[in-house]
Amino acid sequence: MKQLRTTGDPVAVKGLEARLSLLDARQLQLESDLQQTGQLLSSTAAGQVASTSDAPRMGSFTTNQTMALSVLGIIFIGFPLAIGLAKSMWRRSIKPGVAPQALTETAQRLERLESSVDAIAIEIERISEGQRFVTKLLSESQAAPALGAAK
């Protein structure tokens, strides 16, 4: 409406009026669709809202039988499992922890193991140095001619 009032161009005024009339028509159509949908919802047939048929069945069991079996299953299977789990958790919480003496013995054993591994590493390094030395001697002896007795 602001554009319609401020526009002085007659072509633009006609275009804006056409657009407004189209929007008015669409609004009226939406309102009539909403009214028709409301009437359809409020005039639902009684058979579609309520039914006098039997309750749904799960196989050969009725709904009440299915519920009773579920409750019995929870009571006789679920509760004993929950109680057993709670007992095992309780026993674990009461059980004393590892004694400090066992921890110190384990630490001493790990220190001895570490020193043994270090000693083995040193010996392996010595073996590899000896192997390199022997390889070097063999390669030099093959490269240089053997010294023999002079004639």
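**Fold.** Helices here are DSSP runs of H or I with at least four residues, strands are runs of E with at least two, and both are numbered from the N terminus.

**Ground rules.** I am reading a predicted model, where local features need pLDDT of at least 70, side-chain atom pairs count only at pLDDT 80 or more, and totals for chains, interfaces and linings use all residues. Residues are numbered from 1 along each chain as its sequence is written, and side-chain values use heavy atoms, with hydrogens and water left out.

**Surface.** I checked burial next: of the 151 residues, 1% count as buried (under 20% relative accessible area; exposed is over 50%, partly exposed in between, with a 1.4 Å probe and protein chains only). The accessible surface comes to about 14,100 Å², and carbon and sulfur atoms hold 64% of that (Shrake-Rupley method, 1.4 Å probe; for residues, only the protein chains shown count as cover).

**Helix H4.** I followed H4 through residues 63-94; its 32 residues reach 45 Å from first C-alpha to last, close to the expected 46 Å (1.5 Å times one less than the number of residues). Along the way I noted a bend of about 30° at Gly 78, with Pro 80 following within four residues. The bend is the angle between axes fitted to the seven residues ending there and the seven starting there.

**A nonpolar patch.** I also found a surface patch that includes Phe 61, Met 67, Phe 76, Phe 79 and Ile 83, with about 1,200 Å² of accessible area for the whole patch. Ile 83 sits in helix H4. Patch members have over 30% relative accessible area and no salt bridge; nonpolar side chains (Val, Leu, Ile, Met, Phe, Trp, Tyr) are joined within 5 Å, like charges within 9 Å.

**Salt bridges.** How many salt bridges does the whole structure hold? My search gave two, taking a side-chain nitrogen of Lys or Arg within 4 Å of a carboxyl oxygen of Asp or Glu. In one, Glu 123 pairs with Arg 126, the closest N and O atoms lying 3.1 Å apart. These two are three residues apart in helix H5 (residues 100-143), so about one helical turn separates them. Glu 123 is partly exposed at 41%, while Arg 126 is exposed at 53%. Glu 125 and Arg 132 form a salt bridge at 3.5 Å, N to O, and Glu 125 is partly exposed at 40%.
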